[in-house]
Amino acid sequence: MKQTNSTSPRIGSANPDSWSTGLWTEIGPIFDAIIAHPFVAGLTDGSLDPDAFAQYVAQDVHYLRAYARSLSVVAAKAPTLADTAMFARHAAEVFDVELALHGELLPALGLSVDAVDAAPVTPSTQAYNSYLLATVYGGSFADGLAAVLPCYWIYAEVGAELLERGSTDARYQRWIDTYGGEGFAATVAEVLSLVDRTGPTLTSVQEAAARAHFVTTSRYEWMFFDAAYRREGWPV
């Protein structure tokens, strides 16, 4: 079994010169920090507080609403009709697949959709959502592609890593099965193929800007797990 580490993702191009390979190398330490975070580790060893997981799921509902809108904007800026169709389909799947997962997890965690809607969006969620939307609306297609990529790729890599470990908690295992499954991996591979077609078309300035967005939203992925683990709220 291929081992996940900071320089060798399970999903993506095996070509060391591909743009996606370079992007992954850039966020290696961030991914390692995500895998080592007690929230992520606690999904498999049973140490994660269910209340922290409940906050994560509730905030993920708020996040995915902005993410679906972000994917729709990226779709509108995509270079080909096939690329537009892909992102439009993925935006729809946020509600068909990922929010269906929440539909199962929320009751199991003692939460309702109404309670989630009434809960305030936390600072980290608000910041991540705002950054995503500002980037996809105000930037180029490459900027938007790079900004939405970590949510695809990091989740697939985390899911694949945790799937090997398994969980003693059925709620956590349901989450792991969703992101560690072959279906989600195929979706991510589809996006990474476009990433590697896009990279060679960029000037050095454009590539650096897009890469910076990729690194920033990768950091937000760590912050999202950490915020739930800390039960983050507004300080005032």
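Colleague: Is Asn-129 buried or exposed?

Modeller: This is a predicted model, in which local features need pLDDT of at least 70 and side-chain atom pairs count only at pLDDT 80 or more, while totals for chains, interfaces and linings use all residues. Residues are numbered from 1 along each chain as its sequence is written, and side-chain values use heavy atoms, with hydrogens and water left out. Asn-129 belongs to helix H7 (residues 123-138), where helices (H or I, at least four residues) and strands (E, at least two) are DSSP runs numbered from the N terminus. Its relative accessible area is 9%, and the classes are buried under 20%, exposed over 50% and partly exposed in between (1.4 Å probe, protein chains only), so Asn-129 is buried.

Colleague: Which residues is Asn-129 in contact with, leaving aside its neighbours within four places in sequence?

Modeller: Contact means heavy atoms within 4.5 Å. With neighbours within four places in sequence set aside, the contacts of Asn-129 are His-62, Tyr-63 and Ala-66.

Colleague: Which backbone nitrogen does the side chain of Glu-232 reach?

Modeller: Glu-232 lies in the segment after helix H11 (204-229) and counts as buried because its relative accessibility is 14%. Not counting residues up to four places away in sequence, Glu-232 touches Gln-55, Thr-122, Pro-123, Ser-124 and Ala-227. A polar contact is a pair of N or O atoms within 3.5 Å; within protein, one must be able to donate a hydrogen and the other to accept it, and residues adjacent in sequence count only if both atoms are side-chain atoms. At 3.0 Å, the side chain of Glu-232 reaches the backbone nitrogen of Ser-124.

Colleague: What is the phi of Arg-231?

Modeller: Arg-231 also lies in the segment after H11, and with a relative accessible area of 42% it is partly exposed. Although Arg-231 is not a glycine, its phi is positive, at about 55°.

Colleague: How are H3 and H9 oriented to each other?

Modeller: Two packed helices are described by the angle between their axes and the distance between the axes. Axes are lines fitted to C-alpha atoms, for helices over the stretch in contact, and angles run from 0 to 180 degrees between N-to-C directions; those under 35 degrees count as roughly parallel, over 145 as roughly antiparallel, 65 to 115 as roughly perpendicular and the rest as oblique. Helix H3 (residues 38-45) and helix H9 (residues 170-180) pack at about 110°, with axes 8 Å apart. H3 and H9 are therefore roughly perpendicular.

Colleague: How many nonpolar, polar and charged residues does the contact of H3 with H9 have?

Modeller: Gly-42, Leu-43 and Thr-44 of H3 meet Tyr-172, Trp-175 and Ile-176 of H9. Ala, Val, Leu, Ile, Met, Phe, Trp, Tyr, Cys and Pro count as nonpolar, Asp, Glu, Lys and Arg as charged, and the others, Gly among them, as polar. The residues of this contact divide into four nonpolar, two polar and no charged.

Colleague: Which residue has a side-chain oxygen that reaches the backbone nitrogen of Arg-171 at the start of H9?

Modeller: The buried residues of H9 include Tyr-172, Trp-175 and Ile-176. At the start of H9, the backbone nitrogen of Arg-171 is reached, to within 2.8 Å, by a side-chain oxygen of Asp-169.

Colleague: Which side chain makes a polar contact with the side chain of Glu-104?

Modeller: Glu-104 lies in helix H5 (residues 81-108) and is partly exposed, with a relative accessible area of 45%. From C-alpha to C-alpha, Glu-104 is 8.8 Å from Arg-171, although the two are 67 residues apart in sequence. At 2.7 Å, the partner of the Glu-104 side chain is that of Arg-174.

Colleague: How many charged residues are in the contact of H2 with H8?

Modeller: Helix H2 (residues 28-36) and helix H8 (residues 141-165) pack at about 40°, with axes 11 Å apart, and are therefore oblique. Phe-31, Ile-34 and Ile-35 of H2 meet Ile-154, Glu-157, Val-158, Glu-161 and Arg-165 of H8. Five residues of this contact are nonpolar and none polar, and the number charged is three.

Colleague: How is H8 oriented to H10?

Modeller: H8 and H10 pack at an angle of about 150°, their axes being 10 Å apart. H8 and H10 are therefore roughly antiparallel.
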